[in-house]
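Please look over the sequence and the model below before reading on.

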Amino acid sequence: MTNTNEEWTISFVGCGFLGVYSLGVYGCLLERTYELTRRMTKICGASSGALIGAMIVCQMSPAKCCKHLTELATEARKGMLGSMHPSFNLLKLTRDLMDRELPDNTHLLASGRLCVSLTRISDGENVLVSDFASKNDLIQALICSWVFFPFYCGVIPPSYHGTRYVDGALSNNLPYYSLKNTITVSPFSGGSDICPYDTPFYFHEV
């Protein structure tokens with residue numbers, strides 16, 4: 001990772017509220033290799049990794065993103081059953097957060113740069129989407145990728161452009177736009193370029 005004149009892709013694994021690790025990685029890259037972050041032409045993500053990617057393309061500060069993710073986690077822990085309590089509505093909380101915090105031109109910043117991993121219900125195939133017609137269009141893609149996990153979030157999956165999808169992590173939890181110059185980020189130990197420590201165990205594959 002010595003030639004920052006090349007274009008790079010970064011991919012964030014889906015990991016729920018452990019996405020704070022990915023935000024820490026992004027903050028470190030901004031601080032230590034700012035020029036490299038400017039040359040990240042593609043940002044890929046599945047599930048919560050896609051949400052992290054959206055925050056990055058909008059150039060939100062890592063500290064602010066971490067604050068929002070921590071607020072969601074705190075809300076999840078309020079009930080006796082935590083995030084499994086019937087009153088906890090992750091879909092609504094996430095949509096409200098994105099409506100409030102993402103800029104109106106988010107779709108323009110994300111189109112062609114942010115690649116969101118989705119799992120198509122009809123055949124279980126993975127789909128990467130990167131063109132968004134509006135802010136709401138982007139939010140709906142993120143809702144399909146992260147917020148809707150079968151049974152936990154309901155039984156009727158959301159749709160995107162007339163097709164129903166569920167969590168992108170179910171078919172491709174570490175999506176690639178290109179295998180060349182791709183940095184992979186995961187809070188789980190294993191084979192990612194950036195992860196807590198190196199072992200042969202690929203937890204995100206489970």
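What follows covers the basis of the model, a pocket with its lining, and the cysteine sulfurs.

## Basis of the model

This is a predicted model, in which local features need pLDDT of at least 70 and side-chain atom pairs count only at pLDDT 80 or more, while totals for chains, interfaces and linings use all residues. Residues are numbered from 1 along each chain as its sequence is written, and side-chain values use heavy atoms, with hydrogens and water left out.

## The second largest pocket

The second largest pocket holds about 220 Å³ of space. Its lining is made up of Tyr 26, Leu 30, Tyr 34, Thr 37, Arg 38, Met 40, Ile 43, Ile 56, Gln 59, Met 60, Ser 61 and Arg 113. Two or more lining residues come from each of helix H1 (19-32), helix H2 (34-38) and strand E2 (40-46), and H2 gives the largest share, 3 residues.

A pocket here is an open set of points on a 1 Å grid over the protein atoms alone, where a 1.4 Å probe fits, with protein on both sides within 12 Å along at least five of seven lines; lining residues have an atom within 4 Å of a point.

## The cysteines

The whole structure contains 0 disulfides, a disulfide being a pair of cysteine sulfur atoms within 2.5 Å. The sulfur of Cys 58 has its closest cysteine sulfur in Cys 65, at 8.8 Å, which is too far for a bond; the sulfur of Cys 65, in turn, lies 8.6 Å from its closest counterpart, in Cys 66, again too far.

Cys 58 is buried, with a relative accessible area of 12%, and Cys 65 is also buried, at 1%, where buried means under 20% relative accessible area (1.4 Å probe, protein chains only).

Key
Grid points are joined across faces, edges and corners, and a volume is the space filled by probe spheres set on the points. Helices (H or I, at least four residues) and strands (E, at least two) are DSSP runs, numbered from the N terminus. Buried means under 20% relative accessible area, exposed over 50%, partly exposed in between (1.4 Å probe, protein chains only).
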